[in-house]
There are 2 protein chains.
Amino acid sequence: MPQRVNRQFRLAARPVGEVKETDFAYREELIPTPKDGEILVRNIYLSLEPTHRIWMSDRDGYMPPVELGAVMRGMTISVVEESKNPEYQQGDLVRGLLGWQDYTLLTAANTRFVSKVDASLLPGKLPAYLGPLGMTGCTAYFGLIDVGQPKAGETILISAAAGAVGSMVGQIAKATGCRVVGTAGTDEKCSWLKEELGFDETINYKKYQPGAELEAAVARACPNGIDIYFDNVGGAILDAALSQVNLYARIPLCGLISTYNSQEPVPGPYNYSQIMMKRVRVQGFIVGDYYPRWPKAIAEIARWIKEGKIKYSLEIVKGLENAPRSLLKIFQGTNQGKIIIKLSDEPG
Amino acid sequence: MPQRVNRQFRLAARPVGEVKETDFAYREELIPTPKDGEILVRNIYLSLEPTHRIWMSDRDGYMPPVELGAVMRGMTISVVEESKNPEYQQGDLVRGLLGWQDYTLLTAANTRFVSKVDASLLPGKLPAYLGPLGMTGCTAYFGLIDVGQPKAGETILISAAAGAVGSMVGQIAKATGCRVVGTAGTDEKCSWLKEELGFDETINYKKYQPGAELEAAVARACPNGIDIYFDNVGGAILDAALSQVNLYARIPLCGLISTYNSQEPVPGPYNYSQIMMKRVRVQGFIVGDYYPRWPKAIAEIARWIKEGKIKYSLEIVKGLENAPRSLLKIFQGTNQGKIIIKLSDEPG
């Protein structure tokens with residue numbers, strides 16, 4: 001239901017170590033009214049990602065940090081409620097970083113930060129536009145295809161493979177003919193990867209001591225070595241992957257979730273020298289850099305979903321009030337699939 | 001003078017920490033006699049490099065380690081003394097990994113590991129074929145041009161800039177229109193880089209504490225940030241460089257000399273996350289991978305030398321007996337220019 005007020009969560013404190021619910025402050029404001037050239041959108045779905053932790057920090061990141069007291073940043077699918085801009089009509093669906101709030105007012109200049117959503121690609125699946133057909137899917141797609149450059153027959157290891165991005169990477173890699181190995185933190189997640197998503201092998205990394213034991217587990221799962229390591233986590237799994245890389249391996253660096261909550265400086269991989277020895281390419285990337293190519297990637301992913309080649313799992317949580325504690329679940333690894341907060345009803 | 005015996009240094013022990021002279025064993029053998037298809041070469045110049053430390057170790061490297069008891073590996077310029085192979089004539093000059101010894105016998109199959117040297121490119125400068133016109137020059141060339149992809153106006157930071165490779169990288173980068181900044185460990189080396197080689201700025205890294213102080217020094221020397229960090233050393237300078245990288249920076253990973261003597265596992269850079277944040281590409285490379293393209297690179301470097309665009313500094317040390325202690329100097333940083341051991345006289 002649309003709210004009569006604009007509920008918001010604002011950043012109240014920069015997290016020290018793990019994110020806490022008290023790092024956010026709830027606030028109610030009047031729903032703004034658009035002036036000439038402006039549009040008012042109602043946010044329907046809000047996406048939660050590990051990268052929120054980076055935005056909350058004041059460390060040097062790939063975007064400016066969220067300012068203390070500002071509405072928390074977040075990607076939404078939204079509907080235009082009222083338009084005084086000829087390029088938008090009431091009922092248009094858009095996607096953008098419109099924040100943890102019910103309503104967002106966009107000036108004419110700011111509309112360049114949103115893009116229209118073609119809901120007909122996958123009818124009746126609007127939340128998917130924040131997952132496989134949105135930032136998540138595009139992150140997997142461009143990180144794997146453009147940065148990883150997979151070739152049929154190669155072995156790819158994916159960390160956080162049951163996560164939103166990792167599970168997409170694995171399925172796209174299967175579609176390109178790779179042997180796909182994933183790490184996850186529970187046996188349930190590992191079973192899901194193998195039995196539902198078609199991964200060739202999985203590693204429940206929590207069963208192994210970091211170091212030689214984890215390296216041996218990776219070696220067993222990747223008997224032909226690793227050609228691509230798609231890194232979402234950094235830390236001990238990165239080191240284990242580096243111990244098993246083949247010549248000319250590629251490491252698309254998508255995330256370092258194991259380090260985000262650390263209060264101390266985190267050392268890089270102890271096996272860093274392998275990058276030299278094996279002529280490895282480690283390459284950071286940010287999905288926003290590929291923005292002009294999103295529509296083409298999304299159309300291809302939609303086709304794969306319709307053909308049954310790609311499955312996805314979303315955990316839809318109702319109510320903005322649940323956003324802070326849902327974000328915590330991502331770092332605890334207790335979510336099943338990508339978490340999306342439902343803020344209000346889809347247009348009728 | 002040619003020796004009547006074949007003097008050799010063999011690997012006697014794998015170094016623990018720093019290389020010691022006693023890690024090598026001196027030995028005299030009979031000079032071998034070539035059979036059908038074989039050639040006997042007399043080694044004239046022997047090149048010493050930091051990478052010897054990797055070859056002496058039994059850690060996973062980019063080549064198999066030198067076996068204990070085997071002749072120590074090393075790149076030489078050699079002359080064919082006796083040929084029973086129609087493709088080689090007495091007096092031909094060749095370059096190859098022919099070892100720390102006076103003479104090397106090459107079977108027909110092994111001749112693929114040597115290449116003929118065209119001494120007319122830079123007449124009268126035979127040692128240069130182990131430096132700027134050899135592995136050193138090609139390492140700088142392919143690491144900078146192919147991996148670093150410099151563009152005019154960009155800032156490049158080079159560690160161990162007064163070293164054999166670093167000093168070449170800086171001069172080639174100047175030729176491509178980059179702003180060139182180098183780190184070195186003495187004021188004398190820094191002066192040489194600026195006054196003789198035309199570096200724009202230098203940093204005597206030993207004057208700064210690793211961490212914030214060194215980062216500040218790099219930031220002052222690179223006010224527009226770093227577009228390419230050509231890494232020869234790893235460690236604290238790598239971390240300082242990562243703290244100042246621009247978006248889409250490239251880090252050709254050529255060497256990690258600061259770590260080679262370590263007995264403990266060495267952590268990777270604490271600023272590893274910058275690779276993600278700034279979409280950096282870190283790429284290891286080995287000059288041998290570019291072997292088919294060496295002749296073209298060498299011809300271009302020879303032209304630059306003749307045009308006065310590239311200067312180089314070689315420290316020629318006479319006598320095989322001085323090879324072990326000369327290698328130690330590289331790790332102490334007390335050499336002035338690339339060290340080349342003269343084993344015997346050039347052909348008359």
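Which residue with a positive phi follows H3(B)? The residue is B:Gly177, and its phi lies near 90°. The points below place this residue and others in their setting.

1. Basis of the note. This is a predicted model, in which local features need pLDDT of at least 70, side-chain atom pairs count only at pLDDT 80 or more, and totals for chains, interfaces and linings use all residues. Residues are numbered from 1 along each chain as its sequence is written, while chains are lettered from A and ligands numbered from 1 in the order in which they are written.

2. Overall form of chain A. Chain A contains nine helices and 15 strands; helices (H or I, at least four residues) and strands (E, at least two) are DSSP runs, numbered from the N terminus. Its radius of gyration is 20 Å, close to the 20 Å of the globule rule for 348 residues, so chain A is as compact as a globular protein of that length. That radius is taken over C-alpha atoms, and the globule rule is 2.2 Å times the number of residues to the power 0.38. Along the principal axes, the C-alpha atoms of chain A fill a box of roughly 60 × 45 × 35 Å.

3. Burial and contacts in chain A. Of the 348 residues in chain A, 52% are buried. A residue is buried if 20 or more other C-beta atoms lie within 10 Å of its own, exposed if 12 or fewer, and partly exposed in between, with C-beta atoms placed from the backbone. Among the contacts in chain A with a separation of 6 or more, 66% join residues 24 or more positions apart; two residues are in contact if their C-beta atoms, placed from the backbone, lie within 7 Å.

4. Domains of chain A. Chain A is divided into domain 1 (6-131 + 312-342) and domain 2 (140-287), with bounds that come from an automatic or database domain assignment. The centres of the two domains, taken over C-alpha atoms, are separated by 29 Å. Twelve residues from domain 1 and nine residues from domain 2 take part in the contact. The side of domain 1 that touches domain 2 has six nonpolar, three polar and three charged residues. In this scheme Ala, Val, Leu, Ile, Met, Phe, Trp, Tyr, Cys and Pro count as nonpolar, Asp, Glu, Lys and Arg as charged, and the others, Gly among them, as polar.

5. A covered strand in chain A. Strand S9 (residues 179-184) of chain A is mostly covered, with six of its six residues buried. A:Arg179, A:Val181 and A:Thr183 are buried on one side, and A:Val180, A:Gly182 and A:Ala184 on the other. Strand S8 (residues 155-158) of chain A runs parallel to S9(A) and is joined to it by four bridges; strands pair if DSSP finds at least two bridges between them. Within this pairing, A:Leu157 has A:Val181 as its bridge partner.

6. Helix H3 of chain B. This helix (residues 164-175) has twelve residues and reaches 17 Å from its first C-alpha to its last, close to the 16 Å expected; the expected span is 1.5 Å times one less than the number of residues. Ten of the twelve residues are buried, so H3(B) is largely enclosed by the rest of the structure. Those buried residues include B:Met168 and B:Ile172. The elements of chain B against which they pack include helix H2 (135-148), strand S9 (179-184) and helix H4 (187-196).

7. The contact between chains. The contact takes 27 residues from chain B and 27 residues from chain A. On the side of chain B that touches chain A, helix H7 (273-277) and strand S13 (281-284) are the elements that give two or more residues. The residues of that side divide into 16 nonpolar, six polar and five charged. S13(B) and strand S13 (residues 281-284) of chain A pair in the antiparallel sense over three bridges, with B:Arg281 as the bridge partner of A:Gln283.

8. Backbone angles to check. Most residues other than glycine have a negative phi. A:Tyr248, which is not a glycine, has a positive phi of about 65°. A:Tyr248 lies in strand S12 (residues 245-253) of chain A and is partly exposed, with 14 other C-beta atoms within 10 Å. B:Arg279 also has a positive phi, near 50°. B:Arg279 is placed in the loop between H7 and S13 of chain B and counts as buried, with 20 C-beta neighbours inside 10 Å.
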